[in-house]
Amino acid sequence: MILEFSHQDDQSIVNHLSDGTRNSMRSSLRKRVLVTGGAGFLGSHLCERLLQDGCDVLCVDNFYTGAKENLLQILDNPHFELMRHDITFPLYVEVDEIYNLACPASPIHYQFDPVQTTKTSVHGSINMLGLAKRVKAKIFQASTSEVYGDPEVHPQPEGYWGRVNPIGFRSCYDEGKRCAETLFFDYRRQHSLRIKVARIFNTYGPRMHPNDGRVVSNFIVQALKNEPITLYGDGSQTRSFCYVDDLIEAFVRFMATRDELPGPVNLGNPGEFTIKQLAEKVIDLTASRSEVVYQSLPSDDPAQRRPDIGVAKAELGWEPTVQLEEGLRRTIAYFDSFLSGPAISG
């Protein structure tokens, strides 16, 4: 005999359970969320936010660039679990949502082992998409503005296909992320998978790796040490800088949108600054004695980078709220504390 219960019947049953059993059931009804690359800069902030939102969070990281220290404030949370795992190998867990953030994102790290970088984007995506297909989970891909390469269109809208060198030093990251996007959309078309693809523009904030070669962390660390600040080229190339709290808010909003909005969606701050302006701002905010020195421009370094966030505004009701100066102050405070304490590896 098959019994059918309504939602009201379910609630009636729960109401008659003991407090301990009822609390256990409520806990099991929490959304189970997997965050790959969860011990990294963005991942650790996302894990915190998801816990605040009442989720059970499984953080997966191989600690190539991530660090346990980024998670110290949540390690004791009973709804948080940390697993050492490389997503280029299959993973078998039961989850409701997946945020796929795993991949070294700075040139100094992704160029160190370019083959592994490509494998993380491609094999890692295949494994996470396969997991999402098996457990019927919604899956978010942290793509990048690097899919636009050195753009001929400015600012860059999602409909622009990009101008990327497929055989350069940056290609392992750029093309790996482009292939990952292809996989996500093919899984959606072929298997009706619920996907969200976000193209992330330059993001900064506390917990950035101090030696990742990114411009904000580079400038701040050099300024705090009163060392020469290195500008590549003449410093006229432009970037847009989004504070990490703003980006994480966009992640959560995007994941909650209707299934008919797979992306890609640009996420970043449309405010545009030259690299030289950024260096001058950091020197001013740190009261540094650093001098600016110039070196030759790296291969395939884009001259302009700024997102068109019209889709994010319309569909997510989102735009950045933290201004560059305020975000830099918070980030400088973090690095000032970091540099005066024990070194973090990873």
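This is a predicted model: local features need pLDDT of at least 70, side-chain atom pairs count only at pLDDT 80 or more; totals for chains, interfaces and linings use all residues.
The expected span of a helix is 1.5 Å times one less than its number of residues.

**Helix α9**
- Helix α9 covers residues 275-286, twelve in total, so it should span 16 Å.
- Which residues of α9 are buried? They are I275, L278, A279, V282, I283, L285 and T286.
- An α-helix makes a turn every 3.6 residues, so residues three or four places apart point the same way.
- What do the buried residues of α9 pack against? Their partners are the helices α7 (215-224) and α11 (324-339), plus the strands β8 (229-232), β9 (238-239), β12 (273-274) and β13 (292-295).

**The nonpolar cores**
- The largest nonpolar core has 61 residues, and the ones touching the most other members are Y99, F251 and L267.
- Helix α8 (residues 244-255) is the top contributor to this core, giving eight residues.
- Leaving out residues up to four places away in sequence, F251 touches L42, L46, Y99, L101, F140, I200 and L267.
- A separate core of 24 residues lies apart from that one, and its members include L58, V95, V122 and L131.

**A buried serine**
- S143 is part of strand β5 (residues 138-144).
- Buried or exposed? S143 counts as buried because its relative accessible area is 2%, and the cut-off for buried is under 20%.
- Not counting residues up to four places away in sequence, S143 touches K177, E181, V197, A198, R199 and I200.

Key: Residues are numbered from 1 along each chain as its sequence is written. Side-chain values use heavy atoms; hydrogens and water are left out. A nonpolar core is a set of buried Ala, Val, Leu, Ile, Met, Phe, Trp, Tyr and Cys residues joined through side-chain atoms within 4.5 Å. Buried means under 20% relative accessible area, exposed over 50%, partly exposed in between (1.4 Å probe, protein chains only). Helices (H or I, at least four residues) and strands (E, at least two) are DSSP runs, numbered from the N terminus. Contact means heavy atoms within 4.5 Å.
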